[in-house]
Amino acid sequence: MSEISEKVEDRNCYVYFISETKYSIKEERQKRRNKKYYPPVKIGRSFNPMQRLKELQVGNYKRLEIKKTLECRNEKEAKTLEKSLHAMAYKKYGKGISGEWFIIYGSWKLMIKAAEKCGNVFACKQYSGPP
């Protein structure tokens, strides 16, 4: 393995949840006459979640925000956590709508707690905000 790829492998990597802002959600509920609305949530990984948010915002007409990031020791752990969360979103907490975008019925916070109980978080820790 080259020295450059080793350095990338050892950098902290983040698993993020990106979704619409509260204002966009409120607006959508009003359009639907206050029927329950579950906004799409993107579960992904990145070395720089803020940059990833900016990239996603370019192609989305609704305002997006980072709801939560989980910091992992390296990309390998982040990839494993991300895959576990995708599987949980498909099987238990919601449904996939496109690629890494999901509709999560209820709280995505429950998914994080469940992942931690299963030991899928490794050395990942909850991180209060983007880097």
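The accessible surface of the protein comes to about 8,100 Å². Carbon and sulfur atoms hold 50% of that surface. The model is predicted.

**Exercise 1.** State which elements the protein has and how they run from the N terminus.

*Solution.* Step 1: count the elements. The protein has 5 helices and 6 strands. The run is α-β-α-β-α-β-α-β-β-α-β. Step 3: turn to burial. Of the 131 residues, 42% count as buried. Step 4: turn to contacts. Take those between residues at least 6 apart in sequence; 73% of them join residues at least 24 apart.

**Exercise 2.** Work out where the buried residues of helix α3 lie around its axis.

*Solution.* Step 1: list them. In α3, residues 49-58, the buried residues are P49, L53, L56 and Q57. Step 2: look down the axis. The buried residues of α3 fall within an arc of 100°, so they line one face of the helix. Step 3: recall the geometry. An α-helix has 3.6 residues a turn, so residues three or four places apart point the same way. Step 4: check the other side of α3. K54 and V58 are exposed there. Step 5: find the cover. Over the buried residues of α3 lie elements including β1 (13-20), β2 (40-46), β3 (64-72) and β5 (101-104).

**Exercise 3.** Decide whether Y14 is buried or exposed, and say how far its C-alpha atom is from that of C72.

*Solution.* Step 1: locate Y14. Y14 sits in strand β1. Step 2: apply the cut-off. Buried means under 20% relative accessible area. Y14 has 8% relative accessibility, so Y14 counts as buried. Step 3: take the distance. Y14 and C72 are 58 residues apart along the chain, and their C-alpha atoms are separated by 5.8 Å.

How values were computed
Residues are numbered from 1 along each chain as its sequence is written. This is a predicted model: local features need pLDDT of at least 70, side-chain atom pairs count only at pLDDT 80 or more; totals for chains, interfaces and linings use all residues. Side-chain values use heavy atoms; hydrogens and water are left out. Buried means under 20% relative accessible area, exposed over 50%, partly exposed in between (1.4 Å probe, protein chains only). Helices (H or I, at least four residues) and strands (E, at least two) are DSSP runs, numbered from the N terminus. The arc is that of the directions from the helix axis to the C-beta atoms. Contact means heavy atoms within 4.5 Å. Accessible areas come from the Shrake-Rupley method with a 1.4 Å probe; for residues, only the protein chains shown count as cover.
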